[in-house]
Amino acid sequence: MDVNAYRRIGSIYVVICCLLAAFGAAVCLYQLMEAKPACRDFSCPDGTKNIIILAVTLKICILSAMFAGLLKDGIEERKICAVRVNRVFVVVRTLSLIALWTCWAVFHNDDQYVEGLTSGEILALTSLCVGLLGMTVVELMILHGVLKYLRDGTPPYDKKRVPEVVYIQA
């Protein structure tokens with residue numbers, strides 16, 4: 001694939017990340033505002049909303065939008081460090097979400113008020129974690145391509161620079 005095509009792929013990736021982060025933040029805010037009993041512990045009884053998980057997910061969504069903006073700036077200004085920071089954030093975000101979901105499942109199973117997770121819920125949680133890992137691999141491949149574009153791609157046209165005049169003697 002052409003190295004310069006990764007600029008367009010990276011820009012599309014930024015737009016998709018911003019849209020998904022905004023949607024995720026809106027869903028978390030809606031659930032936080034919902035008139036439902038709240039719980040501030042990992043092991044909440046059924047029928048209550050878990051404020052810890054919603055707050056952490058909301059923060060991750062907001063950070064995802066911010067880092068997508070950093071990546072867009074890195075692509076436009078050709079800043080390699082912005083792409084490297086974004087790659088680290090993608091890995092930390094994935095590990096944080098998997099740890100959060102795993103803690104929720106462990107504490108949810110150990111609670112005496114809740115009957116535990118069914119096999120269908122465990123399968124859904126496992127497929128969610130595997131799907132998140134797959135998406136992370138795709139994201140890291142895209143960011144690797146953007147990094148390759150920034151290193152090897154054609155330099156951008158500088159609008160501030162006046163073209164040099166060359167005189168030809170006849």
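Let's start with W104, which sits in helix α3, the stretch covering residues 80–110. Keep in mind that this is a predicted model.

- Is W104 buried, exposed or partly exposed? With a relative accessible area of 26%, W104 counts as partly exposed, because that value falls between the 20% limit for buried and the 50% limit for exposed.
- W104 and N50 are 54 residues apart along the sequence, yet their C-alpha atoms are 9.5 Å apart in space.

**The chain as a whole**
- Reading from the N terminus, the elements come in the order α-β-β-α-α-α.
- The chain has 170 residues, and 33% of them are buried.
- Take the contacts in the chain with a separation of 6 or more: 71% of them are between residues 24 or more positions apart.

**Helix α1**
- Helix α1 takes in residues 5–33, which makes 29 residues.
- The buried residues of α1 are Y6, G10, S11, Y13, V14, C17, A21, G24, A25 and C28.
- As background, an α-helix has 3.6 residues a turn, so residues three or four places apart point the same way.

**Helix α4**
- Helix α4 covers residues 119–152 and has 34 residues.
- From first C-alpha to last, α4 reaches 49 Å, close to the 50 Å expected at 1.5 Å a residue.
- Buried residues in α4 include L125, C129, L132 and T136, and also E139, I142, L143, G145, V146 and Y149.

**Where α1 meets α4**
- The two helices α1 and α4 pack at an angle of about 135°, and their axes are 8 Å apart.
- Why call α1 and α4 oblique to each other? An angle over 145 degrees would count as roughly antiparallel and 65 to 115 as roughly perpendicular, so α1 and α4, at about 135°, are oblique.
- The crossing of α1 and α4 is left-handed.
- On the α1 side, the contact is made by Y6, R7, I9, G10, Y13 and C17, while α4 brings E139, I142, L143, G145, V146 and Y149.
- Sorted by type, the residues of this α1–α4 contact come to 8 nonpolar, 2 polar and 2 charged.

Definitions and conventions:
Residues numbered from 1 in each chain as written. Predicted model: local features only at pLDDT ≥ 70, side-chain atom pairs only at ≥ 80, totals over all residues. Heavy atoms only, no water. Helix = DSSP H or I, 4+ residues; strand = E, 2+ residues; numbered from the N terminus. Expected span 1.5 Å × (residues − 1). Buried < 20%, exposed > 50% of the residue type's maximum accessible area, 1.4 Å probe, protein only. Axes fitted to C-alpha atoms, helices over the stretch in contact; angles between N-to-C directions. Parallel < 35°, antiparallel > 145°, perpendicular 65-115°, else oblique. Left-handed = near helix turned anticlockwise from the far one by under 90°. Contact = heavy atoms within 4.5 Å. Nonpolar A, V, L, I, M, F, W, Y, C, P; charged D, E, K, R; others polar.
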